[in-house]
Amino acid sequence: MSIIDLKLATRGMDSTARWKILKRHVFSFLKHMTLKRFMNFTRAELNRMMKREVLNSYPYILKMESTNICNLRCAYCYDGRRMPVQGERPYGRMTFENFKKLIDEVGLYLFKINLYGFGEPLLFPETLEMIQYASKNNIGIGISSNLNFTDADLPRRIVESGLEVLIFSCHGITQESYSKFMVKGDMSLAMENVKKIVDERKRLRISTPFIDWQYCVTKFNEGEMDLAVAKAKELGVDQIRFLRPFIPPDAENEWFADFFSKHELAGLQRSKAGCAWPYRSAYINYDGGLLPCCQDVRLLGNDFGNVFESGFMNVWNNEKYKSSRRLIANTSVKNSTCNTVCSRCPLIGTAPVENRNNANLTT
Ligand SMILES: C[S@@+](CC[C@H](N)C(=O)[O-])C[C@H]1O[C@@H](n2cnc3c(N)ncnc32)[C@H](O)[C@@H]1O
Ligand code: SF4
Ligand code: SF4
């Protein structure tokens with residue numbers, strides 16, 4: 001197991017995009033450093049290197065979804081739940097009270113929360129309340145949004161909330177290509193909103209949120225990449241990142257860009273370093289259902305436990321976690337006691353790579 005295992009946070013990106021993400025993580029890490037966080041970080045990384053099953057550390061970065069409801073229907077959104085499936089998680093929203101309870105338990109150890117999952121975080125007002133609370137507790141907060149909102153006052157409230165990073169999802173530079181990916185989306189509205197956020201930042205003379213335009217590249221929008229770079233400059237966003245989207249292999253050819261074949265791809269490689277998620281991080285669904293990462297969050301039966309019902313630490317070292325860490329520590333030994341998302345995970349070599357679902361919701 002390697003000491004530095006940074007690839008795990010940036011699968012599916014070329015090296016430039018990966019570097020941009022890592023720079024952001026390092027910035028957040030330094031900005032929110034306290035002695036307690038540093039000690040916990042050291043313990044967590046030692047636990048990972050020692051391949052421990054029971055941890056005396058907390059995660060230092062969390063992925064949480066305030067809602068799994070969305071106003072758009074992107075063609076290959078990870079959510080892919082257009083057909084109902086038995087046992088699936090219903091749609092819903094996290095309450096501020098539940099969010100606060102969790103932050104009060106683990107917030108002192110967290111450098112960062114990525115507050116988005118499989119819905120649109122800016123759809124509901126409680127997300128801003130959560131951002132404010134985390135920000136007051138010196139935790140860096142990032143969200144990813146389609147910015148398809150019509151509330152004229154929202155840009156001001158976003159900037160004033162203390163949000164540290166705003167990933168702007170915008171996969172095209174003409175309405176035609178944009179709405180082919182971001183079905184039901186309005187590109188001009190999203191662009192107007194990003195411009196207003198930039199203006200609000202200027203008005204308040206602050207540099208946050210850092211605005212990171214994420215552009216999923218397909219064959220039908222790859223011809224617009226130069227225009228997108230120019231547009232990013234004109235809008236005043238801080239960076240633009242081109243990402244290879246996850247598209248099922250049986251999709252039409254137009255969904256697979258030529259651009260990426262010429263570039264380094266981390267996406268479909270298995271990790272030689274194992275998996276760091278169960279030591280460093282966790283994914284918390286809006287209802288408190290906890291998973292080690294965003295692989296297969298749709299089925300309720302995949303949850304490792306519920307942090308709103310049991311408290312975080314009671315789930316973090318339970319049997320499901322212990323057996324998953326045991327499996328990750330040594331994938332070559334047959335481990336029939338593990339029956340979790342990890343035992344079906346293509347990324348650690350226990351299932352075919354083609355089976356990978358969505359373990360890249362990590363930026
Ligand atoms: C599921 S979305 C939720 C947040 C928000 N609704 C948004 O779109 O930004 C989380 C992230 O997934 C990205 N995304 C959506 N579909 C994708 C795909 N097929 N492959 C890779 N990333 C994708 C979005 O750009 C976004 O950054
Ligand atoms: S806007 Fe985000 S959550 Fe909504 S459908 Fe698109 S990718 Fe999925
Ligand atoms: S499902 Fe795979 S990527 Fe997720 S924590 Fe388990 S081994 Fe790691």
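The model is predicted: local features need pLDDT of at least 70, side-chain atom pairs count only at pLDDT 80 or more, and totals for chains, interfaces and linings use all residues. Residues are numbered from 1 along each chain as its sequence is written, while chains are lettered from A and ligands numbered from 1 in the order in which they are written.

**Chain**
- The protein chain has 12 helices and nine strands (DSSP runs numbered from the N terminus: helices are H or I, at least four residues; strands are E, at least two).
- Of its 363 residues, 42% count as buried (20 or more other C-beta atoms within 10 Å of a residue's own, with C-beta atoms placed from the backbone).
- Among contacts with a separation of 6 or more, 73% join residues 24 or more positions apart (a contact means C-beta atoms, placed from the backbone, within 7 Å).

**Core**
- The largest nonpolar core holds 83 residues (buried Ala, Val, Leu, Ile, Met, Phe, Trp, Tyr and Cys joined through C-beta atoms within 7 Å).
- Leu110 and Phe168 touch the most other members of this core.
- Leaving out residues up to four places away in sequence, Phe168 touches Ser145, Leu147, Val194, Ile211, Asp212, Trp213, Gln214 and Val237.

**Ligand 1**
- Ligand 1 is surrounded by 18 residues (C-beta atom, placed from the backbone, within 6 Å).
- Tyr76, Ser144, Ser169, Pro245 and Phe246 are the closest.
- Strands S3 (140–145), S4 (165–169) and S5 (210–216) each give two or more residues to this shell.

**Ligand 2**
- Ligand 2 has 12 residues around it.
- Cys70, Leu72, Cys74, Cys77 and Asn146 come nearest.

Technical notes. A residue is buried if 20 or more other C-beta atoms lie within 10 Å of its own, exposed if 12 or fewer, and partly exposed in between; C-beta atoms are placed from the backbone. Two residues are in contact if their C-beta atoms, placed from the backbone, lie within 7 Å.
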